[in-house]
Amino acid sequence: MKVIVKKLYDFHADIEQLPLKRDWMEKTHERHAYHCFPLSLSNRLGWGISFPEDIVVKWDGGNGIDPSQDRVKIISGEKFTNVYRANHTLSFETGLRFEAENGENLTLLTMPVPNEFVRGAQCFTTLISTSALPGSLPIAWMITEPGIEITIPAGTPVAAVFPISLTDIQDYELVLESGKVMQFNESMKARGEAAQAKNSVGDWSHFYRDAVDHLGKAFGKHESKKIVMKVTKEK
């Protein structure tokens, strides 16, 4: 699937597939966090929207719908941000318009960057029908902690974006059933004990990553073990 991204202004956000690296994961003992396959896989879920210069904001703790009250002060990065939404929120001017290659409608899911944590702020999660949006993709944060300067270093993704089909998920249904779980519990107990034994000597089981049980036998399978979302730039 190809998605066309048009740069509407001379100044605009940058877009790349999200990186695997997270600063907090780098700081865990022997980078332990990267051994969690579900965590590492989801780190690359989406294209990351970032900006070429630092953005610094501060909320005074007040609330209101009048942006002229300047409850959220933009200290730097005014070119890419505004506070028109008020209610201690911050909007980002991406300058990027997304379109489906075939001209049909495209739904974009915008959400917080997976496994990235920002003190004092949270990205809104939105679903946008691109055919009904005449301008650039809107992204906004809620500022949640007053009195601190929140710095977004240049090149740091502020949101993750990827296409999603709402049609495909409309009739998903969960069916709750009663069943025998004794055998399953015993298997999981053995698997857990084997994993703990490996962890206690500084080794890693990777049972889930490799889709095997504690005896090395196949146990299910993964749809994919990597996420590839390309960006092709104009020549």
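Student: In which sense do strands β4 and β13 (residues 149-152) pair?

Tutor: The model is predicted: local features require pLDDT of at least 70 and side-chain atom pairs 80 or more, while totals for chains, interfaces and linings use all residues. Numbering starts from 1 along each chain as its sequence is written, and side-chain values use heavy atoms, without hydrogens and water. Strands are DSSP runs of E of at least two residues, numbered from the N terminus, and two of them pair if DSSP finds at least two bridges between them. Four bridges join β4 to β13, and the sense is antiparallel.

Student: Which residue of β13 stands opposite V56?

Tutor: Strand β4 comprises residues 55-59. Opposite V56, β13 places T151.

Student: Which residue of β5 stands opposite W59?

Tutor: Strand β5 (residues 72-76) runs antiparallel to β4, with four bridges. The residue of β5 opposite W59 is V72.

Student: Why is β4 largely enclosed by the rest of the structure?

Tutor: Buried means under 20% relative accessible area, exposed over 50%, and partly exposed in between (1.4 Å probe, protein chains only). Strand β4 is largely enclosed because the number of its five residues that are buried is four.
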